[in-house]
Amino acid sequence: MTLEEKGKRIIRDIRQETGKSPVRIFQNMARKDYIAIHGPEHHVLDGASLLVACRNAGMDIDLDESLNALLHEGLRMPGAMCGLWGVCGAVTSVGAALAIIDQTGPLSTDGSWGEHMSFTAAAIGELGAINGPRCCKRDAMLAFRHGVEYVNRHYGLSLVYEEPKCAFSDVNRQCIRQRCPFYPKRENP
């Protein structure tokens, strides 16, 4: 299945998700057989999870239009950008979702441009402190933590951030185990 086919399937399937937790929506979707443990499909999935959670929490957005815009942006993000470009695709996907919600562009002067930069800087900073190698699941959880804070603060919504325990560590050959804040067997969290 090509990346574009995966992206379209994510957009089709994620519309069925309920609840106000992007973490739960993401975890439900990430268990599907067409979602790899790591890969650029997360550049669509992560932001789409936030958009669906926002709609489910009562945000007045055109979900179809928003998901299609996110699909377009997510497919433009190359794989391995975390290691090759120094910026995480999970964070950029959630940042793209915020830009779609706020209708932010490169010439925006309403403050959203800078607020999105602050969001991404905080999330990337936390990822940098943990260090690599990459983990698309861990990175999504950190992006959601910051994304939920942003959305709740700016829109008065009640998105839920459930502190997750990773369900993927046994299948991730590069899992950093105890260094990961979401490792299920972590000692002294």
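Let's start with helix α6. It covers residues 89-102, which is 14 residues. From first C-alpha to last, α6 reaches 19 Å, close to the 20 Å expected at 1.5 Å a residue. That expected span is 1.5 Å times one less than the number of residues. Helices here are DSSP runs of H or I with at least four residues, strands are runs of E with at least two, and both are numbered from the N terminus.

A word on what you are looking at. This is a predicted model, where local features need pLDDT of at least 70, side-chain atom pairs count only at pLDDT 80 or more, and totals for chains, interfaces and linings use all residues. Residues are numbered from 1 along each chain as its sequence is written, and side-chain values use heavy atoms, with hydrogens and water left out.

Back to α6. Is it enclosed or open? Largely enclosed by the rest of the structure, because 13 of its 14 residues are buried. Buried means under 20% relative accessible area; exposed is over 50%, and partly exposed lies in between, with a 1.4 Å probe and protein chains only. Just after α6, glutamine 103 takes a positive phi of about 55 degrees.

Threonine 92 sits in α6. Which residues does it touch, leaving out those up to four places away in sequence? Met77, Met81 and Val87. Contact means heavy atoms within 4.5 Å. Threonine 92 and histidine 43 are 49 residues apart along the chain, yet their C-alpha atoms are separated by 7.4 Å.

Next, helix α3, residues 42-56. It has 15 residues and reaches 21 Å from first C-alpha to last, close to the 21 Å expected. α3 is mostly covered, with 13 of its 15 residues buried. Just after α3, glycine 58 takes a positive phi of about 105 degrees.

Now the whole chain. It has eight helices and zero strands. Buried residues make up 49% of the 189. The C-alpha atoms fill a box of roughly 40 × 35 × 30 Å along the principal axes. Of contacts between residues at least 6 apart in sequence, 66% join residues at least 24 apart.
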